[in-house]
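Here are a few exercises to work through with the model open in your viewer. Try each task before you read its solution.

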Amino acid sequence: MNIMYCVNCGNRLEKDASFCKLCGAKIPSIDEVATKFCSNGGMKIPQTANFCSKCGIKQNNAEIIKKVLWLKIQILFRC
């Protein structure tokens, strides 16, 4: 079982928490962390998508992928 911590304040979270009981920050779900919006049309697309499935515009993923990986590490494995 993974212990989760608030990405805002570091408080240990209760299982299935939606908000941190210490600072009140919303706890993002893995789905929220794993999606982004197209830079052209605003359509919700997978965080790692190279192109938007609606408009076909190439997406810049380098910084986004780093951010997603960092957030997942913080959410799932923060010590």
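A contact here means heavy atoms within 4.5 Å. Keep in mind that this is a predicted model, where local features need pLDDT of at least 70, side-chain atom pairs count only at pLDDT 80 or more, and totals for chains, interfaces and linings use all residues. Residues are numbered from 1 along each chain as its sequence is written, and side-chain values use heavy atoms, with hydrogens and water left out.

**Exercise 1. Sketch the overall layout of the protein chain.**

Step 1: start with secondary structure, taken as DSSP runs numbered from the N terminus (helices are H or I, at least four residues; strands are E, at least two). The protein chain has 2 helices and 2 strands, in the order α-β-β-α along the sequence.

Step 2: look at sequence range. Take the contacts between residues at least 6 apart in sequence: 22% of them join residues at least 24 apart.

Step 3: check burial, where buried is under 20% relative accessible area, exposed is over 50%, and partly exposed is in between (1.4 Å probe, protein chains only). Of the 79 residues in the protein chain, 24% are buried.

**Exercise 2. How many disulfides does the whole structure hold?**

Step 1: use the cut-off, a pair of cysteine sulfur atoms within 2.5 Å. The search turns up 0 disulfides.

Step 2: C9 is partly exposed, at 35% relative accessibility.

Step 3: C55 is in no disulfide either, with the sulfur of C38 as the nearest cysteine sulfur at 3.6 Å. C55 is also partly exposed, at 35% relative accessibility.

**Exercise 3. Which residue forms a salt bridge with K21?**

Step 1: recall the idea. Side chains of opposite charge can pair when their charged atoms come close. The criterion is a side-chain nitrogen of Lys or Arg within 4 Å of a carboxyl oxygen of Asp or Glu.

Step 2: search. The structure holds 1 salt bridge, and K21 pairs with E14, the closest N and O atoms being 3.0 Å apart.

Step 3: check the setting. K21 is exposed at 66% relative accessibility, and E14 is exposed at 51%.

**Exercise 4. Is K36 buried or exposed?**

Step 1: locate K36, which is in strand β1 (residues 35-37). At 7% relative accessibility, K36 is buried.

Step 2: follow the side chain of K36, which reaches the backbone oxygen of A49 at 3.2 Å.

**Exercise 5. Where does D16 lie, and what about its phi?**

Step 1: D16 is in the segment before α1 (30-33) and is exposed, at 68% relative accessibility.

Step 2: Most residues other than glycine have a negative phi. D16 isn't a glycine, yet its phi is positive, about 65°.

Technical notes
A polar contact is a pair of N or O atoms within 3.5 Å; within protein, one must be able to donate a hydrogen and the other to accept it, and residues adjacent in sequence count only if both atoms are side-chain atoms.
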